[in-house]
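Have a look at the sequence and the model, and then I'll walk you through a few of its features.

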Amino acid sequence: MDHFLAWWRTSSEGLNWNWLEHIALLLAAAAFSWLVWKVVFGKLVSVSKTTKTEWDTIVLQSVSVPISVLIWLWPSSYAIDSLLEVTSKASANWFAVSRRVMLFGVVLWILLRLVNKVEAYLMTSETRDQTTVSAMGHIFRLLLAVIGVLTALQEFGISLTGLLTFGGVGGLIVGLAAKDLLSNFFGGLMIYFDRPFSVGDWISSPDRNIEGTVERIGMRMTMIRSFESRPIYVPNSVFSSIVVQNPSRMQHRRINETFGLRYKDADKMAVVVADVKKMLETHPDIEQRTTLMVNFDAFAGSSLNFFIYTFTKTVNWARYHEVKQDVMLKIVEIVHGHGADFAFPTRTLSFDNGDMAEANIPLPEQLNATPNQD
C-alpha cells in the first residue's frame, strides 16, 4: 500500500485534473445512452410481439445484451485511455487497436447469439430435420470462431502468412496423429449430409450389436439409447462401414401369420380363405395399395394351413399390435362362424383286428363291453 501511495504522489504532481471531468462526462454519456437504448429496445420488443413472424424477436434477443455491453465498454475504454495518458505521460496507442477488436468481438458475439437463437427456433419445428439444423449450427459456430481468431491476430500485428504456412505443416502432422479423430469428424459430416438417420429415429445394424433410438449426433460420436435404456456411444466412423437399418422410416408394418384348420374341416377351407381375404380388403387399418395375400398353403402334420400376408397403414409399434390383434380376432370369428376350428398337434393310431386277436389283445369295443368287476 505504501508503494502505491508513493507512486500516486509522484505521478499526480503537476497533473491537470480536468481529466476527471472528462471521464465523468464519458461515463455519464454511457449511462444516458444505455437508458435510451433500453427504452428503444422495449419499444421494439412491443412491436415485435404484434407481428406474425418470429424472426424479428430472434434478432432483437441476439443484439440486446451485446449492444448494452458495447455502450458501457466503448466510453470506458476512452476513460481508461485518458487515465493512462495522464498517469504514465504516454499515449496508449494500443487502445485504438483494442477498440477495433472490441467492436469486431461484439459483432461476432451478436452473430453467435443469432446462430444459437435460430438453431433453437428451427429445432422446435417438426417440418425441419433436426440433424441438419444441428449440423449447420456447428459449422457456422466453427466458422465464426475461426474468423474471429484470425481477425484478432491480424489486428495485433501477427502475420497470418507465416501462421498459415506453419498451420499447413502442423495440420499434416496433427492429421496423421489424430487419424481416428478426423475420421470420426468426417463421418459425422457424412451423417449430417447423407442423413441415413435423424435424432429420434429407431435404428439397428445387422453387422453390429447396435439397436435403439438416436438421442444425439455429435461431431465425434453418436449416442443411441437401447431398448433397455442403456446409452450406446458409437464413433461416427463406424457408420461408414456397416449396414444401418432405419425402421422409423418404414412406410407400413407387415402382418405375416399362418393358421391351421383341422383335417376334417377341409371342405370349409375355401370359404374360410375367401371370407378372411374379404375381411382384410375392407379393414380400415389395412393398406390396400400394397401386397395382400390369403391362400391355402400346406398340408401340415396335423393341420391344413393357410396364411395371410398384408400391411398395416400405421407404423407405430403399439398401434400396429392393436390392428394385428383385431385382424386375428376377426379370423377366429370367421373360422368358428363356418363351423370349423383350429387344429392342434394330434396323432391317429390305426389297429389291425387280426393282429390284435393273435396277440390276445382285446379290441376297443370289447373293452367297452367288459362288465365292471367292482
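Let me start with a definition: a residue is buried when its relative accessible area is under 20%, exposed when it is over 50%, and partly exposed in between, using a 1.4 Å probe and protein chains only. By that rule Glu 287 is buried, because its relative accessible area is 6%.

Now the ground rules. This is a predicted model, so local features need pLDDT of at least 70 and side-chain atom pairs count only at pLDDT 80 or more, while totals for chains, interfaces and linings use all residues. Residues are numbered from 1 along each chain as its sequence is written, and side-chain values use heavy atoms, with hydrogens and water left out.

First, the overall picture. The protein chain has 11 helices and seven strands; these are DSSP runs numbered from the N terminus, with helices being H or I of at least four residues and strands E of at least two. Buried residues make up 32% of the 374 residues. Taking contact as heavy atoms within 4.5 Å, 63% of the contacts with a separation of 6 or more are between residues 24 or more positions apart.

Next, helix H8, residues 269-282. Which of its residues are buried? They are Met 269, Val 272, Val 273, Val 276, Met 279 and Leu 280. These residues cover an arc of only 125 degrees around the axis, so they sit on the same side of H8; the arc is taken from the directions from the helix axis to the C-beta atoms. Their cover includes strands S5 (253-261), S6 (293-299) and S7 (304-312), along with helix H9 (317-337). On the other side of H8, you'll find Ala 270, Lys 278 and Thr 282 exposed.

On to salt bridges, meaning a side-chain nitrogen of Lys or Arg within 4 Å of a carboxyl oxygen of Asp or Glu. How many does a search of the whole structure find? It finds 11. One of them joins Glu 119 and Arg 141, with the closest N and O atoms 2.7 Å apart. Glu 119 lies in helix H4 (residues 94-123) and Arg 141 in helix H5, so this pair ties together parts that are 22 residues apart in sequence. Glu 119 counts as buried at 15% relative accessibility, whereas Arg 141 is partly exposed at 22%.

Arg 289 is exposed, with a relative accessible area of 75%. In helix H9, Glu 322 and Arg 319 are three residues apart, which means they are separated by about one helical turn; their side chains meet in a salt bridge at 3.0 Å, N to O. There is also a network of salt bridges linking Arg 262, Asp 265, Asp 267 and Lys 268.

Finally, two other spots to look at. Ser 68, in helix H3 (residues 55-88), counts as buried at 13% relative accessibility. Leaving aside neighbours within four places in sequence, Ser 68 is in contact with Trp 34 and Trp 37. Phe 185 lies in helix H7 and counts as partly exposed at 28% relative accessibility. The C-alpha atoms of Phe 185 and Ser 237 are separated by 7.8 Å, though these residues are 52 apart along the chain.

That's my tour, and I'm happy to chat about any of it.
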